[in-house]
Amino acid sequence: MSADRFPDRLNPTDATLWDIKRDPILRTTIVAVALLDRQPEWDRLCATIERAVEGLPRLRQRVAEGPLGFGRPFWVDTDVDMGFHVRHIGASASGSLRGALDLAGDLAGEEFDPARPLWEIVLVDGLEEGRSALLLKVSHALTDGVGGVKLLRCFDDTGGEEVLASLIQRDEDQHQAAGRNGLRRLVQAPTGLFTTAIEAGLHPRHTVELASAAASSTTRMLSPTGPPLSSLMTERSVDRWLGLAEVPIESLRHAAHRADGTINDAFVTIALGALSDHHRALGAGDTRFRVTMPVNFRTDRDAHGGNQWTPARVVLDVDPLLHPYDQLQRHRRRLRAAADEPSVGFSQTIAAGVQQLPPIFTVGVVAGMVKGSDVVLTDIPGTAEPLRIAGAKVERLYPYAPAGGAALSIGLMSHLDTGCFGFNVDRAAVPVPQRLVEHFEQRTRDFLRRRRAPRPRVREAPPEPAEVEQPTHERLSGLDTSFLRMETAATPMHMGGLFVMERSALFDADGAFDLEAVTRHIRHRLERVPRMMRRVEEVPLELGRPVWVEDDFEISRHVHHRTLPAPGTRTQLLELCETIQMELLDRRHALFDFTFITGLDPEEFGPESIAMVERIHHSLLDGMSGVELLAVMFDIEPKPQQKELPIHEHGTRIDIHETPTWLVAEAMGDLLKEAVAISKAALNAVRSPRRIAQHIGELAGAYDDMVVALGATPPSLNQPVGGFRRLLPLTVSLSEVHDAAAVRGGTVNDLVLTAISSGLRALLLSRGESVDRPITAMVPVSTRDAGLGEDRGNHMSALIAALPVMEPDLDAAFTEVTREMTHLKHDHHADGTEIIMEAGDHIPPIALDVISRLAGQQPFVNLIITNLPGPPIPLFFMGSEITDMVPIVPLGGNLTVNVAVLSYVDDLIIALHADADACPDLEVMANATIAAFAELAASTGGDLSRS
């Protein structure tokens, strides 16, 4: 069958499963392990697989994406390297099945090569008793579990060719039927619409109720779940552990029937009981878990490929005093209610709507839906007939469905007379997974032993509706939101700093770092800044900008300790800092952390020194408020001060379990307020034409700055940013810089921009690039009133400044910089830029998302230079003096280098932060910048050369 008989586009569910691979935690890889009674004939196995590849187009196609990732992905033909997709290896020395499962776990954690078809098969021979294992890895975008079983049946020695032929014929019939059905729908559409309108008119109340139920169900499906309910299984990673268990399938069926249930009901009851036992064994009393179960709606008429299912989410509780049969019935009712949600019936339509969003937003929607799950339970119909593959009998078939953001996934597949359970466990969430499997096996034995009839069950009364108080939220501004949307794995959007201090009070009497005391100290200080302890909550369907809500705040998540390996040099410290800076903050919790680093070389840093790396998301604070935060975290005297700061907390405390209904309602209310505000603004424009004309002039000036900057982009400074960083801090004398600038009639900022311009000139010349045009720098300007008393977030504008890299003479360059900055300030261009930045508060959230993503391709600015006034006196942390600090601001989009400048006592620290791959020659810029400072100070008799 030719590939052109297949739809070229992935169906909406397939496309969504493809998009979410951008988040490794959500990676949807299906793995199955077939245990064979002997080693299959290798050549015969390869021939069988080649026959299936030749007959089924999806096995020889890869996924391609549209420009910039927009539009639904599509399938394209590609060459199949059988040597890559089909491999043959020997078992470990022990020959145990455990070794094969570990290999399968590694396969599950590895991403598919997007340039190849999305499947792999590995034969592991040499297992105990002469057995072998066939490991099958398939992308969920290619097929679901039921389709995977059909694919496996194509490899059967006896009936495989017939199964393959039937699948090919079914796909051909489906293709022909699709054309006929499309024409039929086109003809019948007007009649259907007319009939629907008549029915709606005759039964208006019923129509409204159905529409309301559908809308509510859709909102429930797409709404974020919140954090996991388990208090233990909270961490997430890509480190997978695969385990297994077995049960006689007929015994399980009879036991389920005695409880008036199905095998699936018994499976759920056993799994939830095992989770409860596991938590109780570890000292936790958790009995409520959020479960995700796929609801399959595949029919015999569907093609073998693609996905025909939708996830159902439900919270199930385990009552240890309840009889297992009664527990099964309770789970059964709640699962049926979840499966009967109206949204399940049109999930493909909902998925198609989600697919209209850019892929990064699709990932966000799906992440919100599934990352709060504790466990995924999947029941896959298996095979009732024996299977033989290349002469070897399939004894067992273990399914490993993807966890999709949950702590673990448990799959059940029947094979002949055995129920095979596959455990796909996240090691970060369940550090000792074998114990969980043992609890599962014990629960299974207990369930099978139940013989007596269940106790009379009392019909459960519906729970009383809880009284909900309408929460008051603090919504992110458009600028704050843009920093969230701009963030990717390669461009973390947090800011912060590197601090070096004396160890003194940070170590206990035994000389060990006192993490507990440090954590308590930070927790006390954060009480003065409530927003630091909140997390971001997205509004369902992106009907409004995100809001800050109360986190289940646990300070230990945000304070860490690492030790440098000997000798602990400055280079090692900077490298570790760079590594920490590239780790994304967990959006499920408050967006900050502090990492304390010991093991510093006393010869470089002084005796008994320790470092701290601070990270705070840019959506939470801007540079100026970040400096002001130093007054909260640090003291101006060696003895820690306990005085309270006049910090006003906006909003009221709200429950961590935010309801989507309130979030949507508040977003709608904000839209109404926005409409009123726009109306008032229009009236003010009529009443105050002179003031409006002034603002238009400011806006035009800022716009003109950006237009002039077009075409001035050096190709080496503006490139897509990668995943590695270089941090290179320079230190000069602040007083000498001040004197050198004052003599020339300018400011410290003017002299800093001149020295950086000289460094950029040297960098571009060393790369053989032209320096006949200015470099365009964005210089942020704070619009914040003094003090942290107002809300945090970002209150800033910016000047778009032209740096005279074409001028080799530093005095002439300084004159040009001074003239440029005076002009920009005099004409209030920063006010115009502020208007542009605040525009995000008045545009739809989805449009703001698109604009934020496109900011990574902006053509106006070559780098950002942030200059912050720091404390003029020494600071202390728990009695330890801060001896050095380095400001760090994020790289974004296509800006491969930025500069952060911070004053501290009499030091001026210039931190060059760059993409390591795009700027391997960052030392050229650093050396030239230091040389420029020295030359500018020499005329006044000063000496700036500190580092």
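The mean pLDDT of the chain, where pLDDT is the predictor's confidence in each residue from 0 to 100, is 77, and 68% of the residues reach 70 or more. The model is predicted, so local features are limited to pLDDT of at least 70 and side-chain atom pairs to pLDDT 80 or more, while totals for chains, interfaces and linings use all residues. Residues are numbered from 1 along each chain as its sequence is written, and side-chain values use heavy atoms, without hydrogens and water.

Residues 346–355 stay under 50 in pLDDT, and the model has 29 contacts for them beyond four places in sequence; a contact means heavy atoms within 4.5 Å. Residues 643–665 are also below 50, with 58 contacts in the model beyond near neighbours in sequence.

**Aromatic pairs and charges over rings**

Rings of Phe, Tyr and Trp (its six-membered ring) pair if their centres lie within 6.5 Å; planes under 30 degrees apart count as stacked, over 60 as edge-to-face and the rest as tilted. By this rule there are eleven aromatic pairs. Two of them are set out below.

| Pair | Centre distance | Plane angle | Class |
|---|---|---|---|
| F267 and F421 | 5.7 Å | 35° | tilted |
| F553 and F592 | 6.1 Å | 25° | stacked |

Helices (H or I, at least four residues) and strands (E, at least two) are DSSP runs, numbered from the N terminus. F267 belongs to helix 9 (residues 263–281) and F421 to strand 14 (residues 418–426), so their pair ties together parts 154 residues apart in sequence. Buried means under 20% relative accessible area, exposed over 50%, and partly exposed in between (1.4 Å probe, protein chains only). F267 is buried at 0% relative accessibility, and F421 is buried at 1%.

F553 lies in the loop between strand 18 (547–550) and strand 19 (559–563), and F592 in strand 20 (residues 592–598); the pair therefore links parts 39 residues apart in sequence. F553 counts as buried at 15% relative accessibility, as does F592 at 1%.

One aromatic cluster is formed by F499, F507, F513, F596, F634 and F877.

A charge sits over a ring if NZ of Lys or CZ of Arg is within 6 Å of the ring centre and within 35 degrees of the ring normal. R116 lies over the face of F84, 3.9 Å from the ring centre. K137 has its charged end over the ring of F112, at 4.5 Å from the centre.

**G411 and its contacts**

G411 is part of strand 13 (residues 408–415) and is buried, with 0% relative accessibility. Leaving out residues up to four places away in sequence, G411 touches F267, T378, P399, C420, F421 and G422. Both rings of the tilted pair F267 and F421 are thus among the residues that G411 touches. G411 and T378 are 33 residues apart in sequence, with their C-alpha atoms 4.6 Å apart.

The expected span of a helix is 1.5 Å times one less than its number of residues. Helix 4 (residues 97–109) has 13 residues and reaches 19 Å from its first C-alpha to its last, close to the expected 18 Å. Its buried residues are A100, L101, A104, G105, L107 and A108. These cover an arc of only 160° around the axis, which puts them on the same side of helix 4; the arc is that of the directions from the helix axis to the C-beta atoms. An α-helix has 3.6 residues a turn, so residues three or four places apart point the same way. The elements covering the buried residues of helix 4 include strand 1 (29–36), strand 4 (86–90) and strand 5 (119–125).

Helix 17 (residues 570–581) has twelve residues and reaches 16 Å from first to last C-alpha, close to the expected 16 Å. Buried in helix 17 are Q572, L573, L574, L576, C577, E578, I580 and Q581.
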